[in-house]
Amino acid sequence: MVECDLLIHSAAQLLTLAGGPRRGAQLGALGLVADGAVAVRAGRIVRAGPTAEVRAQVRARAELDARGRVVLPGFVDPHTHAVWAGDRAHEFEQRLAGATYMELMAAGGGIMSTVRQTRAAGLDQLVAETRPRLRRMLAHGTTTLEAKTGYGLELDAELRQLDALEQLAAEGPWTLVPTFLPAHAVPAEYAGRADAYVDLVVDTLLPAAAARLPRWAARNLPVFCDVFCEDGAFTVAQARRVLERARDLGFGLKVHADEFVGLGGTALAVELGAASADHLVYTPEADIAALGQGATVAVGLPGTPFGLAQSDYTPAQKIIAAGGVLALASDLNPGTTWCENMQMVLALACRYMKLTPSQAIAAATINAARAVRLEAEVGSLEPGKQADLLVLAVGDYRQLGYRYGGNLVQTVIKAGRVVVENAPAGA
Ligand code: NIG
Ligand code: FE
């Protein structure tokens, strides 16, 4: 008999997502156990399987009856820009009147608008504006998230965003993985001098951020560096300079690629062994083939074209056919996608990326964990892993994706502790 702190039992459907990240056509394997149970000790899973089997092996101090419910891993959101100040509601209106996202950016708005607001904010304000977003994400089932800097674009303001992330990571209960994104836009003071800004990034900003890597390593968390590789942002050559320097300094790598134009950012990501290439709307065929061969996770962000009212989405079926590892993320940011709800992302992915609910769930759990290199810790319900799990108000996993805009999560458990108990959905 194994002593445990909590036994979640009798789940109509337990989705273990066991077996590691899924490549290509394996994506939809949920590891479904009917009448399933999960036993937790000291924040970690000690058993997961049929209720009768688990019960026979453990003695539990507390029990949670999940009868008629789905139990699955907490969502991992591997791409957010969650730390910023202010909002861009005025640009939303301008876009509805016909201005494009990149036109607003070229005119000094867009990302630079949030940069001005974020530079003016102190650390306390940044933390205070970000914390409620993370709480809402948690309430919708996101137990692990990545969050990027990129609204500072100068030394002090970029480091302040990292400080805010460090403070919020320490507060928890979420697991928060930081990404340094100083090459998110060419700041106004470097207009027309992108290479000079890349010099600053490579010579000053990256080394300063790298000095904090040991603090994150002490929490067993990786730190990534990302680049917006796009017409109007950074070329492939500039992205390569940033990423190679970052790699040499010890950062993991990510790339914003092919959001509006297929420049070759995805091929660069695969070549450099990046953890992920993200957006991938206009990805060239050869780069899709490269994803099928390489170790880089393809992260689709369907909230972004939806937020921009565009009709092209990540060609998920091609990525799956090529044998790629597909993940989903929210892209939470004030410009294109203020969406804190991964359930909504799944619903969009089912409709516009043509994923089945089971594929979308795997893409938002175990494969998303791989995109932040935490697949050994989170993203599935297997002995040894963190006990991050969701109890849905419903008994059929296909309700995820099918219903949208609301919250089917009833209970959120992070590291074995109930951290959110939502009002019953009456489902
Ligand atoms: O991933 N495209 C670049 N970055 C974000 C948008 C950031 C913003 O507009 O504030 C994205 O969509
Ligand atoms: Fe993004």
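A residue counts as buried when its relative accessible area is under 20%, as exposed when that area is over 50%, and as partly exposed in between, with a 1.4 Å probe and protein chains only. The model on screen is predicted, so that local features need pLDDT of at least 70 and side-chain atom pairs count only at pLDDT 80 or more, whereas totals for chains, interfaces and linings use all residues. Residues are numbered from 1 along each chain as its sequence is written, chains are lettered from A and ligands numbered from 1 in the order in which they are written, and side-chain values use heavy atoms, with hydrogens and water left out.

Select Thr16, which sits in the loop between strand E2 (6-15) and strand E3 (32-41); helices (H or I, at least four residues) and strands (E, at least two) are DSSP runs, numbered from the N terminus. Thr16 has a relative accessible area of 8% and is therefore buried. Leaving out residues up to four places away in sequence, Thr16 touches Leu30, Gly31, Val33, Pro73, Ser380 and Leu381, where contact means heavy atoms within 4.5 Å.

Then move to Ser10, which belongs to strand E2. Its phi is near 65°, a positive value in a residue other than glycine, and Ser10 is buried, with a relative accessible area of 13%.

**Stop two: Gln94**

Next, select Gln94 in helix H2 (residues 89-96). With a relative accessible area of 37%, Gln94 is partly exposed. Once its neighbours within four places in sequence are set aside, Gln94 is in contact with Ala99 and Leu104; the C-alpha atoms of Gln94 and Leu104, which are ten residues apart along the chain, are separated by 8.6 Å.

Now colour helix H6 (residues 155-171), whose 17 residues should span 24 Å at 1.5 Å a residue, in agreement with the 24 Å between its end C-alpha atoms; the expected span is 1.5 Å times one less than the number of residues. The buried residues of H6 are Ala157, Glu158, Leu159, Arg160, Gln161, Leu162, Ala164, Leu165, Glu166, Leu168 and Ala169. Show their partners as well: these buried residues pack against helix H4 (111-119), helix H5 (123-139), strand E9 (142-148), strand E10 (175-183), H7 and helix H8 (213-217).

Just after H6, Gly172 takes a positive phi of about 60°, and the peptide bond from Gly172 to Pro173 is cis, with omega near 10°. Pro173 itself lies in the loop between H6 and E10.

**Stop four: H5 against H6**

Axes here are lines fitted to C-alpha atoms, for helices over the stretch in contact, and angles run from 0 to 180 degrees between N-to-C directions. Leu123, Leu126, Val127, Thr130, Arg131 and Leu134 in H5 meet Arg160, Gln161, Asp163, Ala164, Gln167, Leu168 and Glu171 in H6. By class, this contact of H5 with H6 has six nonpolar, three polar and four charged residues, where Ala, Val, Leu, Ile, Met, Phe, Trp, Tyr, Cys and Pro count as nonpolar, Asp, Glu, Lys and Arg as charged, and the others, Gly among them, as polar.

On the H6 side the contact is made by Leu155, Leu159 and Leu162, and on the H7 side by Thr204, Leu205, Ala208 and Ala209. These residues divide into six nonpolar, one polar and no charged.

Finally, bring in helix H9 (residues 236-249), whose axis comes within 10 Å of that of H7 (residues 194-210) and crosses it at roughly 15°, so that H7 and H9 are roughly parallel to each other. From H7 the contact takes Ala194, Asp195, Val198, Asp199, Val201, Val202, Leu206, Pro207 and Ala210, and from H9 Gln238, Arg241, Val242, Arg245, Ala246 and Leu249. The residues of this contact of H7 with H9 divide into ten nonpolar, one polar and four charged.

Technical notes. Parallel < 35°, antiparallel > 145°, perpendicular 65-115°, else oblique.
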